Amino acid sequence: MDGTLESDLEHLLHESINRVWNERDAGLRRQALAELYAADATLYEPDGVAIGPEAIANRVQELHAILGPVARLEYAGPILHHHGVAIGRWRVGPAGAPLATGTDVVHLHDNVVSRMYVFIDVPPGDAAA
């Protein structure tokens, strides 16, 4: 894969996490979704599916309500990608105290997010024996 394209994919995912997932202003979030996500983008989470930027914006708003005003998402380590698929490990919470960690698997099409699968790590001690 071309080095420029690789850096563009990494940039897109960092833009997504900062301008969509961490953005508290709903208008700015919707603008970012229009730029960074396909019109039919689909978000797959363990507890549901959101289709389209409006549904994804609503899910982000719900997440903000759950996590509170100081929690931020960030990628923890390098984003791996090839052939239009990217994988990024993330953490969320106040600085230095993650509330949760997980992995995003993102399918890209025409330089925008087309599908995002969110996997949330099971906290130690919560795994079924």
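How are helices H2 and H3 oriented to each other?

**Figure 1. Overview of the chain, with three helices and seven strands.** In the predicted model, the order of elements along the sequence is α-α-β-β-α-β-β-β-β-β. The chain has 129 residues, of which 38% are buried. Of the contacts between residues at least 6 apart in sequence, 41% join residues at least 24 apart.

**Figure 2. Close-up of the crossing of helix H2 (residues 26-36) and helix H3 (residues 53-67).** The two axes come within 10 Å and cross at roughly 135°. H2 and H3 are therefore oblique to each other, since an angle has to be over 145 degrees to count as roughly antiparallel. The crossing of H2 with H3 is right-handed. On the H2 side, the contact is made by Arg29, Arg30 and Leu33. On the H3 side, the residues in contact are Pro53, Glu54, Ile56, Ala57, Asn58, Val60, Gln61 and His64. By class, the contact of H2 with H3 comprises five nonpolar, three polar and three charged residues.

Figure 3. Arg59 belongs to helix H3. Is this arginine, Arg59, buried or exposed? Arg59 counts as buried because its relative accessibility is 15%, and the cut-off for a buried residue is under 20%. When residues up to four places away in sequence are not counted, Arg59 touches Leu43, Glu45, Asp47 and Ile66.

Figure 4. Ala55 is placed in helix H3. With a relative accessible area of 28%, Tyr44 is partly exposed, and Ala55 is likewise partly exposed, at 26%. Ala55 and Leu43 are twelve residues apart in sequence. In space, the C-alpha to C-alpha distance between Ala55 and Leu43 is 8.8 Å. Leu43 is also one of the residues touched by Arg59.

Figure 5. The ring centres of Tyr44 and Tyr117 are 4.5 Å apart and the ring planes lie at 5°, so the pair is stacked; the cut-off for stacking is an angle under 30 degrees. Tyr44 is located in strand S1 (residues 37-45) and Tyr117 in strand S7, so the pair ties together parts that are 73 residues apart in sequence. Tyr117 is partly exposed, with a relative accessible area of 26%.

Figure 6. His83 lies in the loop between strand S4 (80-82) and strand S5 (85-93). Most residues other than glycine have a negative phi. The relative accessibility of His83 is 73%, and His83 therefore counts as exposed.

**Figure 7. Close-up of Asn111, a residue other than glycine with a positive phi.** Where does Asn111 lie? Asn111 is found in the loop between strand S6 (100-109) and strand S7 (112-120). Its phi value is near 65°. Asn111 counts as exposed because its relative accessibility is 58%, and the cut-off for an exposed residue is over 50%.

Conventions
Residues are numbered from 1 along each chain as its sequence is written. This is a predicted model: local features need pLDDT of at least 70, side-chain atom pairs count only at pLDDT 80 or more; totals for chains, interfaces and linings use all residues. Side-chain values use heavy atoms; hydrogens and water are left out. Helices (H or I, at least four residues) and strands (E, at least two) are DSSP runs, numbered from the N terminus. Buried means under 20% relative accessible area, exposed over 50%, partly exposed in between (1.4 Å probe, protein chains only). Rings of Phe, Tyr and Trp (its six-membered ring) pair if their centres lie within 6.5 Å; planes under 30 degrees apart count as stacked, over 60 as edge-to-face and the rest as tilted. Axes are lines fitted to C-alpha atoms, for helices over the stretch in contact, and angles run from 0 to 180 degrees between N-to-C directions. Angles under 35 degrees count as roughly parallel, over 145 as roughly antiparallel, 65 to 115 as roughly perpendicular and the rest as oblique. A crossing is left-handed if the near helix is turned anticlockwise from the far one by less than a right angle, and right-handed if clockwise. Contact means heavy atoms within 4.5 Å. Ala, Val, Leu, Ile, Met, Phe, Trp, Tyr, Cys and Pro count as nonpolar, Asp, Glu, Lys and Arg as charged, and the others, Gly among them, as polar.
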